[in-house]
Amino acid sequence: PKSLCCAGQTPVLGMKRKAEENDLNLFVSKVRKIEDPPKYRLKLCMSCGDEINQNSPKSLCCAKCNDEMNKSRPNPKKYPKLNPKKTTPKPTKIIRRKKRRTENSSPTKSIQSKITSFFNITNLNEPAQNIIDTVKQIGRGGNYNHATKKRVCPYFKKIPGTSVVVDAFSNYNLPNGTMYFLSHFHSDHYGGLRKNFNRGKIYCSESTGNLVENKLYVSEEYIEILPMNREIAMDGFTVTLLDANHCPGAVMFLFRVEGKYHLHVGDFRYNENIADHIYLQFFDITNVYLDTTYCDPSYAFPLQDTVIKNMLKTIKPEMRKTESVLAFGSYTIGKERLFIAAAQEYNCKIYVSAEKFRILSNINYPQEIKDLFTRDKRAKIHVLSMGELKTEKLLTYIQNMNWPYNRIIAFRPTGWSYNQNGRNSREYYNGQVKLCSIPYSEHSSFQELVDFIDMIKPKVIIPTVNATNTEKVKNMLALLHPE
(Lines give C-alpha, C1' and ligand atoms only; values in the text may rest on other atoms or scores of the structure.)
Protein backbone atom coordinates (compact mmCIF):
# COMPACT_ATOMS: atom_id res chain seq x y z
CA PRO A 1 0.00 0.00 0.00
CA LYS A 2 2.94 2.38 0.46
CA SER A 3 4.29 1.83 -3.09
CA LEU A 4 4.23 4.78 -5.45
CA CYS A 5 4.44 2.66 -8.66
CA CYS A 6 2.59 -0.39 -10.00
CA ALA A 7 4.25 -3.82 -10.14
CA GLY A 8 5.04 -3.57 -13.86
CA GLN A 9 6.97 -0.35 -13.62
CA THR A 10 10.59 0.06 -12.60
CA PRO A 11 10.73 1.34 -8.99
CA VAL A 12 13.21 3.84 -7.73
CA LEU A 13 15.44 1.60 -5.62
CA GLY A 14 17.96 3.92 -4.05
CA MET A 15 19.89 7.08 -4.02
CA LYS A 16 23.59 7.75 -4.45
CA ARG A 17 25.32 10.58 -2.80
CA LYS A 18 28.55 11.95 -4.24
CA ALA A 19 30.42 14.53 -2.33
CA GLU A 20 33.03 16.59 -4.10
CA GLU A 21 35.29 19.18 -2.54
CA ASN A 22 34.16 22.80 -2.83
CA ASP A 23 31.00 21.69 -4.70
CA LEU A 24 27.38 21.18 -3.78
CA ASN A 25 26.09 17.73 -2.73
CA LEU A 26 24.62 15.87 -5.65
CA PHE A 27 21.97 13.19 -5.33
CA VAL A 28 21.70 10.76 -8.17
CA SER A 29 18.91 8.21 -8.47
CA LYS A 30 19.93 4.70 -9.37
CA VAL A 31 17.34 2.73 -11.34
CA ARG A 32 17.37 -1.02 -11.80
CA LYS A 33 14.97 -3.35 -13.54
CA ILE A 34 14.01 -6.42 -11.56
CA GLU A 35 11.30 -9.00 -12.13
CA ASP A 36 10.96 -10.29 -8.56
CA PRO A 37 11.62 -7.60 -5.91
CA PRO A 38 13.90 -8.75 -3.06
CA LYS A 39 12.83 -8.95 0.55
CA TYR A 40 14.34 -5.53 1.23
CA ARG A 41 14.86 -2.63 -1.09
CA LEU A 42 18.35 -2.26 -2.50
CA LYS A 43 20.05 0.66 -0.78
CA LEU A 44 23.26 2.50 -1.43
CA CYS A 45 25.87 3.39 1.14
CA MET A 46 25.67 6.99 2.24
CA SER A 47 29.49 7.23 2.33
CA CYS A 48 30.87 5.36 -0.68
CA GLY A 49 27.78 4.67 -2.77
CA ASP A 50 28.17 0.87 -2.91
CA GLU A 51 25.23 -1.49 -2.54
CA ILE A 52 24.25 -2.45 1.01
CA ASN A 53 23.64 -6.07 1.99
CA GLN A 54 19.94 -7.04 2.09
CA ASN A 55 20.34 -8.52 5.57
CA SER A 56 21.12 -5.06 6.99
CA PRO A 57 17.92 -3.12 6.19
CA LYS A 58 18.38 -0.50 8.93
CA SER A 59 21.99 0.39 8.09
CA LEU A 60 22.76 3.59 6.19
CA CYS A 61 26.32 2.55 5.25
CA CYS A 62 28.01 -0.61 4.04
CA ALA A 63 29.95 -2.96 6.32
CA LYS A 64 33.33 -1.51 5.33
CA CYS A 65 32.31 2.04 6.14
CA ASN A 66 30.67 0.95 9.38
CA ASP A 67 33.89 -0.69 10.55
CA GLU A 68 35.88 2.45 9.82
CA MET A 69 33.38 4.61 11.77
CA ASN A 70 33.38 2.21 14.75
CA LYS A 71 37.18 2.41 14.96
CA SER A 72 37.00 6.19 15.23
CA ARG A 73 34.50 6.09 18.14
CA PRO A 74 35.82 6.24 21.73
CA ASN A 75 35.86 3.06 23.82
CA PRO A 76 32.93 3.12 26.31
CA LYS A 77 34.90 0.99 28.79
CA LYS A 78 37.73 3.50 28.73
CA TYR A 79 35.30 6.40 29.20
CA PRO A 80 32.60 5.20 31.62
CA LYS A 81 30.75 8.52 31.54
CA LEU A 82 29.92 7.89 27.89
CA ASN A 83 28.47 4.47 28.64
CA PRO A 84 24.68 4.92 28.47
CA LYS A 85 24.03 1.71 30.40
CA LYS A 86 25.67 3.01 33.56
CA THR A 87 23.28 5.46 35.22
CA THR A 88 23.04 6.84 38.73
CA PRO A 89 20.51 4.77 40.69
CA LYS A 90 17.46 6.68 41.93
CA PRO A 91 16.97 6.85 45.69
CA THR A 92 14.33 4.53 47.09
CA LYS A 93 11.07 6.36 47.78
CA ILE A 94 9.65 5.65 51.21
CA ILE A 95 5.85 5.66 51.29
CA ARG A 96 4.37 6.22 54.71
CA ARG A 97 0.74 5.25 55.00
CA LYS A 98 -1.61 7.04 57.37
CA LYS A 99 -2.96 4.91 60.16
CA ARG A 100 -6.68 4.41 60.05
CA ARG A 101 -8.65 4.87 63.21
CA THR A 102 -9.96 1.55 64.49
CA GLU A 103 -13.07 0.93 66.52
CA ASN A 104 -11.04 0.34 69.68
CA SER A 105 -9.11 3.61 69.43
CA SER A 106 -10.57 6.47 71.43
CA PRO A 107 -10.71 9.87 69.65
CA THR A 108 -11.29 11.83 72.84
CA LYS A 109 -7.61 12.09 73.73
CA SER A 110 -6.59 13.28 70.25
CA ILE A 111 -9.46 15.77 70.16
CA GLN A 112 -8.47 17.22 73.52
CA SER A 113 -4.80 17.44 72.52
CA LYS A 114 -5.63 19.22 69.26
CA ILE A 115 -7.91 21.76 70.92
CA THR A 116 -5.46 22.28 73.76
CA SER A 117 -2.66 22.85 71.25
CA PHE A 118 -4.44 25.57 69.32
CA PHE A 119 -5.09 27.50 72.55
CA ASN A 120 -1.30 27.16 73.08
CA ILE A 121 -1.43 27.64 76.86
CA THR A 122 -0.47 25.47 79.80
CA ASN A 123 -3.08 26.63 82.29
CA LEU A 124 -6.34 26.70 80.40
CA ASN A 125 -8.58 29.65 81.09
CA GLU A 126 -12.29 29.14 81.71
CA PRO A 127 -13.65 29.68 78.13
CA ALA A 128 -11.01 27.36 76.65
CA GLN A 129 -11.66 24.63 79.22
CA ASN A 130 -15.41 24.90 78.68
CA ILE A 131 -15.19 24.49 74.93
CA ILE A 132 -12.86 21.50 75.35
CA ASP A 133 -15.36 19.87 77.70
CA THR A 134 -18.16 20.57 75.23
CA VAL A 135 -16.25 19.07 72.30
CA LYS A 136 -15.42 16.00 74.39
CA GLN A 137 -19.14 15.49 75.00
CA ILE A 138 -20.48 16.01 71.48
CA GLY A 139 -17.47 15.03 69.33
CA ARG A 140 -15.39 17.14 67.01
CA GLY A 141 -16.70 15.63 63.76
CA GLY A 142 -16.08 16.63 60.19
CA ASN A 143 -13.83 13.63 59.37
CA TYR A 144 -14.60 10.89 56.85
CA ASN A 145 -15.57 7.45 58.15
CA HIS A 146 -14.09 4.87 55.76
CA ALA A 147 -16.16 2.02 57.20
CA THR A 148 -19.56 3.63 56.59
CA LYS A 149 -18.36 5.87 53.71
CA LYS A 150 -19.98 8.82 55.46
CA ARG A 151 -18.71 11.94 57.16
CA VAL A 152 -18.85 12.49 60.91
CA CYS A 153 -21.27 15.26 61.82
CA PRO A 154 -19.36 18.39 62.99
CA TYR A 155 -19.60 19.33 66.66
CA PHE A 156 -21.15 22.74 65.93
CA LYS A 157 -24.23 21.07 64.46
CA LYS A 158 -24.99 18.89 67.52
CA ILE A 159 -26.86 19.85 70.69
CA PRO A 160 -25.36 18.05 73.74
CA GLY A 161 -27.61 15.77 75.74
CA THR A 162 -30.07 15.28 72.85
CA SER A 163 -30.37 13.55 69.47
CA VAL A 164 -30.78 16.95 67.80
CA VAL A 165 -28.73 18.20 64.86
CA VAL A 166 -29.14 21.65 63.30
CA ASP A 167 -28.68 22.21 59.54
CA ALA A 168 -27.07 18.77 59.11
CA PHE A 169 -28.49 17.12 55.97
CA SER A 170 -25.27 16.14 54.21
CA ASN A 171 -23.96 12.58 54.08
CA TYR A 172 -23.33 12.40 57.82
CA ASN A 173 -23.12 9.20 59.83
CA LEU A 174 -26.11 9.83 62.12
CA PRO A 175 -28.03 7.15 64.04
CA ASN A 176 -31.69 6.34 63.66
CA GLY A 177 -33.96 8.57 65.71
CA THR A 178 -32.00 11.73 64.98
CA MET A 179 -34.12 14.89 65.10
CA TYR A 180 -33.37 17.34 62.26
CA PHE A 181 -33.80 21.10 62.75
CA LEU A 182 -33.54 23.55 59.82
CA SER A 183 -32.86 27.21 60.67
CA HIS A 184 -33.67 28.72 57.24
CA PHE A 185 -33.92 28.01 53.53
CA HIS A 186 -30.41 28.75 52.27
CA SER A 187 -28.49 26.10 50.35
CA ASP A 188 -25.47 26.16 52.67
CA HIS A 189 -27.81 25.09 55.50
CA TYR A 190 -30.21 22.67 53.78
CA GLY A 191 -27.43 21.21 51.57
CA GLY A 192 -27.93 17.46 51.15
CA LEU A 193 -31.70 17.61 51.66
CA ARG A 194 -33.46 15.83 48.76
CA LYS A 195 -37.03 14.94 47.89
CA ASN A 196 -36.41 11.31 48.92
CA PHE A 197 -35.54 12.33 52.50
CA ASN A 198 -37.03 9.79 54.94
CA ARG A 199 -34.62 9.69 57.89
CA GLY A 200 -36.88 11.51 60.35
CA LYS A 201 -38.80 14.69 61.04
CA ILE A 202 -37.59 18.13 59.91
CA TYR A 203 -38.48 20.84 62.45
CA CYS A 204 -38.60 24.40 61.13
CA SER A 205 -40.71 27.56 60.79
CA GLU A 206 -43.80 27.81 58.59
CA SER A 207 -42.17 29.69 55.70
CA THR A 208 -39.16 27.36 55.66
CA GLY A 209 -41.41 24.32 55.78
CA ASN A 210 -43.45 25.56 52.80
CA LEU A 211 -40.27 26.03 50.76
CA VAL A 212 -38.91 22.61 51.71
CA GLU A 213 -42.16 21.01 50.55
CA ASN A 214 -42.83 23.06 47.40
CA LYS A 215 -39.26 23.82 46.28
CA LEU A 216 -37.38 20.65 47.28
CA TYR A 217 -40.49 18.43 47.06
CA VAL A 218 -39.88 16.72 50.41
CA SER A 219 -42.91 14.76 51.56
CA GLU A 220 -45.21 16.61 53.94
CA GLU A 221 -45.13 13.73 56.43
CA TYR A 222 -41.48 14.48 57.24
CA ILE A 223 -41.99 18.21 57.86
CA GLU A 224 -43.00 19.47 61.31
CA ILE A 225 -43.82 23.19 61.52
CA LEU A 226 -43.22 24.77 64.93
CA PRO A 227 -44.78 28.03 66.17
CA MET A 228 -42.76 31.14 66.95
CA ASN A 229 -41.94 32.42 70.48
CA ARG A 230 -43.51 29.45 72.24
CA GLU A 231 -41.67 26.79 74.27
CA ILE A 232 -42.46 23.37 72.80
CA ALA A 233 -41.87 20.18 74.79
CA MET A 234 -39.98 17.51 72.84
CA ASP A 235 -38.36 14.19 73.75
CA GLY A 236 -36.40 15.10 76.89
CA PHE A 237 -35.96 18.79 76.09
CA THR A 238 -37.83 21.92 75.04
CA VAL A 239 -37.25 24.23 72.09
CA THR A 240 -38.31 27.82 71.35
CA LEU A 241 -38.15 29.46 67.91
CA LEU A 242 -36.96 33.09 67.86
CA ASP A 243 -36.79 35.45 64.88
CA ALA A 244 -33.21 35.57 63.48
CA ASN A 245 -33.63 38.76 61.37
CA HIS A 246 -31.97 37.03 58.42
CA CYS A 247 -34.05 35.93 55.43
CA PRO A 248 -37.83 35.25 55.56
CA GLY A 249 -38.51 32.25 57.77
CA ALA A 250 -35.06 32.26 59.42
CA VAL A 251 -35.13 31.38 63.13
CA MET A 252 -32.86 30.82 66.12
CA PHE A 253 -33.36 27.69 68.23
CA LEU A 254 -33.29 27.99 72.04
CA PHE A 255 -32.99 24.50 73.55
CA ARG A 256 -33.47 23.74 77.24
CA VAL A 257 -31.81 20.46 78.19
CA GLU A 258 -31.68 19.37 81.84
CA GLY A 259 -31.94 22.96 83.04
CA LYS A 260 -29.25 24.27 80.65
CA TYR A 261 -29.98 26.58 77.71
CA HIS A 262 -28.27 26.15 74.35
CA LEU A 263 -28.85 28.83 71.70
CA HIS A 264 -28.22 27.98 68.04
CA VAL A 265 -28.58 31.17 65.98
CA GLY A 266 -28.16 29.66 62.49
CA ASP A 267 -27.57 32.85 60.48
CA PHE A 268 -28.73 36.06 62.17
CA ARG A 269 -28.45 39.86 62.21
CA TYR A 270 -28.44 41.29 65.71
CA ASN A 271 -30.86 44.19 66.22
CA GLU A 272 -33.01 45.82 68.93
CA ASN A 273 -35.76 43.21 68.69
CA ILE A 274 -33.32 40.43 69.53
CA ALA A 275 -31.78 42.51 72.30
CA ASP A 276 -35.20 43.11 73.88
CA HIS A 277 -36.38 39.51 73.66
CA ILE A 278 -37.45 38.26 77.06
CA TYR A 279 -36.05 34.75 76.54
CA LEU A 280 -32.55 36.10 75.98
CA GLN A 281 -32.67 38.69 78.78
CA PHE A 282 -33.51 36.47 81.73
CA PHE A 283 -32.12 33.03 80.83
CA ASP A 284 -28.50 32.01 81.42
CA ILE A 285 -27.14 30.68 78.14
CA THR A 286 -24.68 27.80 78.50
CA ASN A 287 -23.64 27.30 74.86
CA VAL A 288 -24.18 29.73 71.99
CA TYR A 289 -23.62 28.46 68.45
CA LEU A 290 -22.62 31.75 66.85
CA ASP A 291 -22.80 32.93 63.24
CA THR A 292 -19.21 34.19 62.79
CA THR A 293 -19.40 35.22 59.12
CA TYR A 294 -18.10 38.73 59.88
CA CYS A 295 -16.09 38.00 63.03
CA ASP A 296 -13.36 40.51 62.24
CA PRO A 297 -13.04 44.16 63.34
CA SER A 298 -12.72 45.30 59.71
CA TYR A 299 -16.40 44.47 59.10
CA ALA A 300 -18.15 47.52 60.58
CA PHE A 301 -21.06 48.25 58.25
CA PRO A 302 -24.06 50.39 59.32
CA LEU A 303 -27.41 49.25 60.66
CA GLN A 304 -30.00 47.81 58.29
CA ASP A 305 -32.47 50.62 58.99
CA THR A 306 -29.78 53.22 58.22
CA VAL A 307 -28.97 51.60 54.87
CA ILE A 308 -32.66 51.39 53.92
CA LYS A 309 -33.22 55.05 54.84
CA ASN A 310 -30.25 56.17 52.73
CA MET A 311 -31.39 54.01 49.82
CA LEU A 312 -34.87 55.58 49.86
CA LYS A 313 -33.31 59.07 49.69
CA THR A 314 -31.08 58.01 46.80
CA ILE A 315 -33.90 56.65 44.62
CA LYS A 316 -36.30 59.53 45.26
CA PRO A 317 -35.24 61.56 42.16
CA GLU A 318 -35.30 58.43 40.00
CA MET A 319 -38.85 57.53 41.01
CA ARG A 320 -40.07 60.78 39.42
CA LYS A 321 -38.45 60.00 36.07
CA THR A 322 -40.69 58.04 33.73
CA GLU A 323 -37.75 56.65 31.73
CA SER A 324 -35.93 55.10 34.74
CA VAL A 325 -36.48 51.67 36.30
CA LEU A 326 -34.98 50.36 39.54
CA ALA A 327 -33.50 46.87 39.98
CA PHE A 328 -32.54 45.10 43.22
CA GLY A 329 -30.38 42.02 43.53
CA SER A 330 -31.67 39.06 45.51
CA TYR A 331 -30.87 35.42 46.25
CA THR A 332 -33.35 32.57 45.99
CA ILE A 333 -34.63 34.05 49.19
CA GLY A 334 -33.18 37.07 50.97
CA LYS A 335 -32.76 40.88 50.68
CA GLU A 336 -36.56 41.31 50.46
CA ARG A 337 -36.67 44.11 53.00
CA LEU A 338 -34.99 46.53 50.58
CA PHE A 339 -37.38 46.41 47.63
CA ILE A 340 -40.44 45.96 49.84
CA ALA A 341 -39.50 49.16 51.69
CA ALA A 342 -39.03 51.00 48.37
CA ALA A 343 -42.40 49.81 47.03
CA GLN A 344 -44.22 50.78 50.22
CA GLU A 345 -42.54 54.18 50.38
CA TYR A 346 -43.37 55.18 46.79
CA ASN A 347 -46.55 53.12 46.34
CA CYS A 348 -45.47 51.07 43.32
CA LYS A 349 -45.38 47.43 42.21
CA ILE A 350 -42.47 44.97 42.19
CA TYR A 351 -41.82 42.82 39.12
CA VAL A 352 -40.37 39.35 39.86
CA SER A 353 -39.70 36.31 37.69
CA ALA A 354 -42.08 33.36 37.64
CA GLU A 355 -39.78 31.29 39.88
CA LYS A 356 -39.31 34.15 42.36
CA PHE A 357 -43.06 34.75 42.39
CA ARG A 358 -43.64 31.09 43.26
CA ILE A 359 -41.06 31.25 46.07
CA LEU A 360 -42.51 34.44 47.57
CA SER A 361 -45.99 32.89 47.54
CA ASN A 362 -44.70 30.35 50.11
CA ILE A 363 -43.56 33.07 52.53
CA ASN A 364 -45.86 33.88 55.41
CA TYR A 365 -46.27 37.54 54.42
CA PRO A 366 -49.33 39.70 55.18
CA GLN A 367 -51.68 40.05 52.24
CA GLU A 368 -50.81 43.72 51.68
CA ILE A 369 -47.18 42.76 51.06
CA LYS A 370 -48.10 39.85 48.77
CA ASP A 371 -50.15 42.28 46.66
CA LEU A 372 -47.00 44.30 45.88
CA PHE A 373 -45.52 41.54 43.69
CA THR A 374 -46.55 41.28 40.05
CA ARG A 375 -45.57 39.64 36.76
CA ASP A 376 -46.15 42.87 34.81
CA LYS A 377 -42.82 44.19 33.48
CA ARG A 378 -44.12 47.75 33.44
CA ALA A 379 -43.61 47.83 37.23
CA LYS A 380 -41.23 50.50 38.48
CA ILE A 381 -39.13 48.07 40.59
CA HIS A 382 -37.59 44.85 39.23
CA VAL A 383 -35.99 42.03 41.22
CA LEU A 384 -33.02 40.26 39.58
CA SER A 385 -30.61 37.58 40.67
CA MET A 386 -27.19 38.62 41.95
CA GLY A 387 -25.56 37.10 38.87
CA GLU A 388 -27.48 39.47 36.60
CA LEU A 389 -26.09 42.59 38.29
CA LYS A 390 -23.37 43.28 35.73
CA THR A 391 -23.24 46.29 33.44
CA GLU A 392 -23.26 44.22 30.24
CA LYS A 393 -26.15 42.03 31.35
CA LEU A 394 -28.15 45.00 32.63
CA LEU A 395 -27.66 46.82 29.32
CA THR A 396 -28.87 43.75 27.43
CA TYR A 397 -31.76 43.38 29.87
CA ILE A 398 -33.09 46.89 29.25
CA GLN A 399 -32.49 46.79 25.49
CA ASN A 400 -34.30 43.49 24.93
CA MET A 401 -37.43 44.52 26.79
CA ASN A 402 -40.36 46.18 25.08
CA TRP A 403 -41.15 48.78 27.74
CA PRO A 404 -41.14 52.54 28.19
CA TYR A 405 -37.89 52.56 30.21
CA ASN A 406 -34.48 53.28 28.68
CA ARG A 407 -32.40 53.69 31.86
CA ILE A 408 -31.82 51.26 34.75
CA ILE A 409 -30.45 51.91 38.24
CA ALA A 410 -29.43 48.66 39.95
CA PHE A 411 -28.49 48.00 43.58
CA ARG A 412 -26.29 45.14 44.76
CA PRO A 413 -26.91 44.68 48.51
CA THR A 414 -24.02 42.98 50.31
CA GLY A 415 -22.02 43.60 53.46
CA TRP A 416 -18.77 43.00 51.57
CA SER A 417 -19.19 46.33 49.73
CA TYR A 418 -18.76 48.57 52.79
CA ASN A 419 -15.65 50.70 53.27
CA GLN A 420 -14.50 52.70 56.26
CA ASN A 421 -15.84 55.96 54.80
CA GLY A 422 -19.38 54.65 54.92
CA ARG A 423 -19.87 55.03 51.17
CA ASN A 424 -20.58 52.56 48.41
CA SER A 425 -17.31 50.92 47.52
CA ARG A 426 -18.24 50.42 43.83
CA GLU A 427 -20.41 52.43 41.49
CA TYR A 428 -20.55 52.04 37.70
CA TYR A 429 -22.27 54.34 35.24
CA ASN A 430 -22.31 54.33 31.45
CA GLY A 431 -25.36 56.38 30.50
CA GLN A 432 -28.12 53.78 30.41
CA VAL A 433 -26.90 51.64 33.32
CA LYS A 434 -25.99 52.68 36.85
CA LEU A 435 -24.87 49.92 39.24
CA CYS A 436 -24.42 50.64 42.97
CA SER A 437 -23.24 48.39 45.78
CA ILE A 438 -24.89 49.19 49.10
CA PRO A 439 -23.66 47.83 52.47
CA TYR A 440 -26.84 45.96 53.33
CA SER A 441 -26.12 42.68 55.10
CA GLU A 442 -28.25 40.02 56.74
CA HIS A 443 -25.35 38.83 58.90
CA SER A 444 -24.19 40.55 62.09
CA SER A 445 -21.23 42.89 61.90
CA PHE A 446 -18.31 42.40 64.26
CA GLN A 447 -19.47 45.08 66.70
CA GLU A 448 -22.95 43.56 66.73
CA LEU A 449 -21.45 40.16 67.57
CA VAL A 450 -19.55 41.72 70.47
CA ASP A 451 -22.72 43.45 71.72
CA PHE A 452 -24.70 40.23 71.41
CA ILE A 453 -22.14 38.23 73.41
CA ASP A 454 -21.98 40.98 76.01
CA MET A 455 -25.77 40.82 76.37
CA ILE A 456 -26.33 37.07 76.74
CA LYS A 457 -22.95 36.33 78.45
CA PRO A 458 -22.70 32.64 77.45
CA LYS A 459 -20.35 30.24 79.17
CA VAL A 460 -19.18 28.73 75.87
CA ILE A 461 -18.98 30.29 72.39
CA ILE A 462 -19.02 27.77 69.54
CA PRO A 463 -18.36 29.34 66.10
CA THR A 464 -20.29 27.85 63.18
CA VAL A 465 -18.52 29.63 60.28
CA ASN A 466 -14.82 28.88 59.60
CA ALA A 467 -15.11 26.47 62.52
CA THR A 468 -13.02 23.65 61.02
CA ASN A 469 -9.83 25.74 61.01
CA THR A 470 -8.39 25.66 64.54
CA GLU A 471 -6.26 28.77 64.00
CA LYS A 472 -9.28 30.81 62.87
CA VAL A 473 -11.34 29.51 65.80
CA LYS A 474 -8.59 30.57 68.18
CA ASN A 475 -8.46 34.07 66.68
CA MET A 476 -12.25 34.49 66.74
CA LEU A 477 -12.54 33.44 70.37
CA ALA A 478 -9.71 35.82 71.28
CA LEU A 479 -11.57 38.69 69.58
CA LEU A 480 -14.87 37.91 71.27
CA HIS A 481 -13.23 37.14 74.65
CA PRO A 482 -10.24 39.53 74.81
CA GLU A 483 -9.70 38.95 78.52
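This is a predicted model: local features need pLDDT of at least 70, side-chain atom pairs count only at pLDDT 80 or more; totals for chains, interfaces and linings use all residues.
**Ground rules**

I number residues from 1 along each chain as its sequence is written, and for side-chain values I use heavy atoms, with hydrogens and water left out.

I began with a helix pair. Two packed helices are described by the angle between their axes and the distance between the axes. My axes are lines fitted to C-alpha atoms, for helices over the stretch in contact, with angles from 0 to 180 degrees between N-to-C directions.

Helix 8 covers residues 304-320 and helix 9 covers residues 336-346; their axes come within 10 Å and cross at roughly 50 degrees. That makes helix 8 oblique to helix 9; angles under 35 degrees count as roughly parallel, over 145 as roughly antiparallel, 65 to 115 as roughly perpendicular, and the rest as oblique.

Which residues of helix 8 and helix 9 make the contact? With contact meaning heavy atoms within 4.5 Å, I find Gln-304, Asp-305, Ile-308, Met-311, Leu-312, Ile-315, Lys-316 and Met-319 on helix 8. Helix 9 brings Arg-337, Leu-338, Ala-341, Ala-342, Glu-345 and Tyr-346. Sorted by class, the contact has nine nonpolar, one polar and four charged residues. For the classes, Ala, Val, Leu, Ile, Met, Phe, Trp, Tyr, Cys and Pro count as nonpolar, Asp, Glu, Lys and Arg as charged, and the others, Gly among them, as polar.

**Entry: helix 5**

Next I looked up helix 5 (residues 206-214), where the buried residues are Ser-207, Thr-208, Gly-209, Leu-211 and Val-212. I use buried for under 20% relative accessible area, exposed for over 50% and partly exposed in between (1.4 Å probe, protein chains only). The buried residues of helix 5 pack against strand 7 (202-204), strand 8 (223-225) and helix 10 (354-360).

Then I checked Glu-220, which sits in the loop between helix 5 and strand 8. Glu-220 counts as exposed, at 56% relative accessibility. From Glu-220 to Gly-209 I note 8.8 Å, C-alpha to C-alpha, for 11 residues of sequence.

**Entry: salt bridges**

Side chains of opposite charge can pair when their charged atoms come close. How many salt bridges does the structure hold? I get 10, a salt bridge being a side-chain nitrogen of Lys or Arg within 4 Å of a carboxyl oxygen of Asp or Glu.

- Arg-256 pairs with Glu-231 in a salt bridge, with 2.8 Å between the closest N and O atoms. Arg-256 belongs to strand 11 (residues 251-257) and Glu-231 to the loop between strand 8 and strand 9 (232-233), 25 residues apart. Arg-256 is partly exposed at 31% relative accessibility, and Glu-231 is partly exposed at 36%.
- Glu-448 and Arg-269 form a salt bridge at 2.7 Å, N to O. Glu-448 is in helix 13 (residues 446-456) and Arg-269 in the loop between strand 12 (260-264) and helix 6 (272-275), so the pair ties together parts 179 residues apart in sequence. Glu-448 and Arg-269 are both buried.
- Glu-318 and Arg-407 meet in a salt bridge at 2.7 Å, N to O. Glu-318 is in helix 8 and Arg-407 in strand 18 (residues 407-413), so the parts tied together are 89 residues apart in sequence. Glu-318 and Arg-407 are both buried.

I also noted Lys-215, Glu-355 and Arg-358, joined into one network by salt bridges that share partners.

**Entry: positive phi**

I looked up two non-glycine residues with positive phi. Asp-167 has phi near 55 degrees and lies in the loop between strand 5 (164-166) and strand 6 (179-181). Is Asp-167 buried or exposed? Asp-167 is buried, at 4% relative accessibility.

Asn-229 also has a positive phi, near 55 degrees. Asn-229 lies in the loop between strand 8 and strand 9 and is partly exposed at 41% relative accessibility.

**Entry: Ile-350**

Ile-350 counts as buried, with 0% relative accessibility. Leaving out residues up to four places away in sequence, Ile-350 touches Phe-339, Ile-340, Ala-343, Leu-372, Phe-373, Thr-374, Ala-379, Ile-381 and Val-383.

Conventions. Helices (H or I, at least four residues) and strands (E, at least two) are DSSP runs, numbered from the N terminus.
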